Amino acid sequence: MTRKELIEQIREKQSFLCVGLDTDLDKMPKGLKEIVKKEYEEEEMTFGMLFEFSTRIIDATAPYCVAYKPNLAFYEAYGIEGMAAFEGIIEYLQENYPKHLIIADAKRGDIGNTSKMYAKTFFEQYDVDALTVAPYMGEDSVTPFLGYDGKWVVLLALTSNKGSHDFQLMKDENGERLFEKVLKKSQEWGNDENMMYVVGATQGQMFEDIRKLAPNHFLLVPGVGAQGGSLEEVCKYGMIKDCGLLVNSSRGIIYASNEKDFDEVAGQKAQELQQQMAKILADAGIC
C-alpha cells in the first residue's frame with residue numbers, strides 16, 4: 001500500500017484507527033470455546049480459538065479502521081497452530097479487506113543477511129504491507145526491509161512502555177537524545193513513502209519534538225485506551241496536513257467484553273474511536 005492509498009483510506013473512512021490483534025488464549029470470551037468445539041477437531045482447537053476470535057473481531061471493526069496490527073508474539077507462543085492461525089488471519093484480511101493496511105508487529109532487526117530473510121518472510125511469504133523493525137543494530141539491519149515497493153518499515157523511535165526511559169531518552173554530550181539520533185539517522189536510509197515511526201501515545205507533548213525531526217512521516221501510535229494515552233493530545237501535537245497518524249488500540253477494543261457479544265462490543269468501541277477521529281479530521285480540514 002502506498003502513502004497515497006493510505007491517505008485515501010483515511011479520508012474515505014474518516015478514521016486513522018489501527019486495531020491491534022493481541023490474541024491471548026487466556027483472555028478469550030466466555031462461550032467462544034463451545035462455538036469452536038462445534039466447528040473444529042480437538043487437535044485444531046488452538047488454531048480455531050485464535051482464528052475465530054481474530055476474524056470475528058476483524059469483521060466487527062473493519063468499517064471503522066484502516067489498519068490491523070497482528071502481534072506475532074501472540075501467535076508464535078502457540079507453536080505451529082499459532083503460526084498457522086497468523087497465516088490464516090493474514091489471508092483472511094487480504095481476501096476480505098484488501099484495502100486495509102496490514103502491519104506485522106514482529107520488531108525484527110538483525111545483521112544484514114538475517115534481516116534479508118526476515119524481509120523475505122514478511123514481504124514475500126506473508127505479503128503484509130508493513131513490519132515493525134528495531135533500529136538498534138543500525139543501517140545494515142534495516143535497509144534489507146526497504147527494498148520492497150509498496151511496503152513499509154515501521155521503525156521503533158519512542159515507545160510507550162516504562163522502560164523506554166532506560167535508553168531512548170539518554171542524552172549525549174550535546175544534549176541529543178537517543179530517539180532523536182534514530183529519527184535523524186534513519187532518514188538517510190528511507191523516506192516518508194516507505195518508513196513510519198513508532199511513537200507511544202503516552203509520550204504526549206514529546207510529539208512536538210518528534211515532528212521537528214520527522215515532519216512528514218506517518219507515526220504508528222500505540223498506547224491509546226488501555227495504556228492511558230490521550231487521542232486528543234496525540235493529535236494536537238502529532239497530526240499533520242494529511243493526518244500522518246495511525247493510532248493503535250488493542251486491548252481497549254478486542255477485550256472490551258468477555259461475553260458472547262465480544263465482537264459486537266469491539267465494533268462499538270472501534271466506532272466510538274472512529275467518531276472521535278472523524279471530528280478531529282474534520283476540524284483539521286482533512287476530511
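Is the crossing of α2 and α3 right-handed or left-handed? In this predicted model, the crossing of the two helices is right-handed. Two packed helices are described by the angle between their axes and the distance between the axes. Here helix α2 spans residues 32-39 and helix α3 spans residues 45-61. Their axes come within 9 Å. The crossing angle is roughly 115°. On the α2 side, the contacts are made by L32, K33, I35, V36, K37 and E39. On the α3 side, the partners are M45, G48, M49, E52, F53 and R56.

Charged pairs form a second theme. Side chains of opposite charge can pair when their charged atoms come close. The count for this model comes to 16 salt bridges. One of them joins D127 to K151, with the closest N and O atoms 2.6 Å apart. This pair links distant parts of the chain. D127 lies in the loop between α6 and β4 (130-133). K151 lies in the loop between α7 (139-142) and β5 (152-158). The two residues are 24 residues apart. D127 is partly exposed, because its relative accessibility is 39%. K151, at 11%, counts as buried, since buried means under 20% relative accessible area.

A salt bridge also connects K107 and D105. Their closest N and O atoms are 2.7 Å apart. K107 has a relative accessible area of 43% and is therefore partly exposed. D105 has a relative accessibility of 6%, so D105 counts as buried.

K185 belongs to helix α9, residues 178-186. A salt bridge pairs K185 with E188, the closest N and O atoms being 3.0 Å apart. K185 is partly exposed, with a relative accessible area of 41%. E188 reaches 56% and is exposed, as exposed means over 50%. K185 and K107 are 78 residues apart along the chain. Their C-alpha atoms are separated by 19 Å. Salt bridges also build a network, which links D172, E176, K181 and K184.

The surface carries a nonpolar patch as well. I111, Y136 and M137 make this patch, which covers about 380 Å². I111 is found in the loop between β3 (101-108) and α6 (112-125). The relative accessible area of I111 is 42%, so I111 is partly exposed.

Definitions and conventions:
Residues numbered from 1 in each chain as written. Predicted model: local features only at pLDDT ≥ 70, side-chain atom pairs only at ≥ 80, totals over all residues. Heavy atoms only, no water. Patch = residues over 30% accessible without salt bridge, like charges linked within 9 Å, V, L, I, M, F, W, Y side chains within 5 Å. Areas by Shrake-Rupley, 256 points an atom, 1.4 Å probe, with all protein chains shown as cover. Salt bridge = Lys/Arg side-chain N within 4 Å of Asp/Glu carboxyl O. Helix = DSSP H or I, 4+ residues; strand = E, 2+ residues; numbered from the N terminus. Buried < 20%, exposed > 50% of the residue type's maximum accessible area, 1.4 Å probe, protein only. Axes fitted to C-alpha atoms, helices over the stretch in contact; angles between N-to-C directions. Left-handed = near helix turned anticlockwise from the far one by under 90°. Contact = heavy atoms within 4.5 Å.
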